Amino acid sequence: MFAIISIGNKQYKVEENSVIYVEKLENAAGDKITISDVLLVDNEIGTPYVKGAQVVCEVEKQVKAEKINIIKHISQKHHTKRMGHRQQLTKLIVKQIIK
């Protein structure tokens, strides 16, 4: 069984025991969270969400994504600016899909 959930204005396709990385949530490692924004469960489409459907996840840890290098260059002025960014993510393990 699979489900499509919405977290932080992004959609994720999940199955039981799958691992997903979402934008940082304010939960500690080991916490269990219940997501009720379920858009689709096993070919049952919600309008906009499926009533009574929930996905139970466990927060494994807070991580950072790979570094993204940003280079801004203005060729006529001999100007180069270099920056980097690492997005903070939360690693979730899907424990149960309730239909």
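In these legends, contact means heavy atoms within 4.5 Å. The model is predicted: local features need pLDDT of at least 70 and side-chain atom pairs count only at pLDDT 80 or more, while totals for chains, interfaces and linings use all residues. Residues are numbered from 1 along each chain as its sequence is written, and side-chain values use heavy atoms, with hydrogens and water left out.

**View 1. Surroundings of I5 in the nonpolar core.** Not counting residues up to four places away in sequence, I5 touches K10, Q11, Y12, V14, I20, I35, D37, V38 and V55. I5, V55 and L92 touch the most other members of the largest nonpolar core, which has 19 residues. Such a core is a set of buried Ala, Val, Leu, Ile, Met, Phe, Trp, Tyr and Cys residues joined through side-chain atoms within 4.5 Å; buried means under 20% relative accessible area, exposed over 50%, and partly exposed in between (1.4 Å probe, protein chains only). At least two residues of this core come from each of β1 (2-7), β2 (10-15), β3 (19-23), β4 (32-35), β5 (38-41), β7 (54-64) and β10. Helices (H or I, at least four residues) and strands (E, at least two) are DSSP runs, numbered from the N terminus. In soluble globular proteins, nonpolar side chains tend to be buried together.

**View 2. S6 in strand β1.** S6 is found in strand β1. With a relative accessible area of 17%, S6 is classed as buried. Apart from neighbours within four places in sequence, the contacts of S6 are Q11, I35, D37 and L39.

**View 3. The open sheet containing β1.** Four strands form an open sheet in the order β2-β1-β5-β6, with antiparallel pairing. β2 and β6 (44-45) stand at the edges and have a single partner strand each, so one side of each lacks a neighbour in the sheet. Two strands pair if DSSP finds at least two bridges between them. β1 and β5 pair in the antiparallel sense over three bridges, and I4 has L40 in β5 as its bridge partner. Strands of a sheet pair through backbone hydrogen bonds, either parallel or antiparallel.

**View 4. The hairpin of β8 and β9.** Strand β8 (residues 68-74) pairs with strand β9 (residues 79-85) in the antiparallel sense over seven bridges. I74 stands opposite H79 in β9. Four residues lie between the two strands of this hairpin, and H78 in the turn has a positive phi of about 55°.

**View 5. The salt bridge of K10 and E23.** A salt bridge is a side-chain nitrogen of Lys or Arg within 4 Å of a carboxyl oxygen of Asp or Glu, and the count by this rule comes to three. In one of these, K10 meets E23, with the closest N and O atoms 3.0 Å apart. K10 in strand β2 and E23 in strand β3 are 13 residues apart, and the pair links distant parts of the chain. Both residues are partly exposed, K10 at 39% relative accessible area and E23 at 36%.

View 6. E58 forms a salt bridge with K95, the closest N and O atoms being 3.5 Å apart. This pair joins strand β7, which holds E58, to strand β10, which holds K95, across 37 residues. E58 is partly exposed at 23% relative accessibility, as is K95 at 35%. The side chains of K91 and E60 also meet in a salt bridge (3.6 Å, N to O). K91 in strand β10 and E60 in strand β7 are 31 residues apart. K91 is buried, with a relative accessible area of 14%, whereas E60 is partly exposed at 34%.

**View 7. K13 and the ring of F2.** K13 lies over the face of F2, at 4.7 Å from the ring centre. A charge sits over a ring if NZ of Lys or CZ of Arg is within 6 Å of the ring centre and within 35 degrees of the ring normal.

**View 8. K99 after strand β10.** K99 is placed in the segment after β10 (88-98). K99 is exposed, with a relative accessible area of 54%. Beyond its neighbours within four places in sequence, K99 is in contact with M1, V41, D42, E44, G52 and A53. K99 and H79 are 20 residues apart in sequence and 57 Å apart in space, C-alpha to C-alpha.
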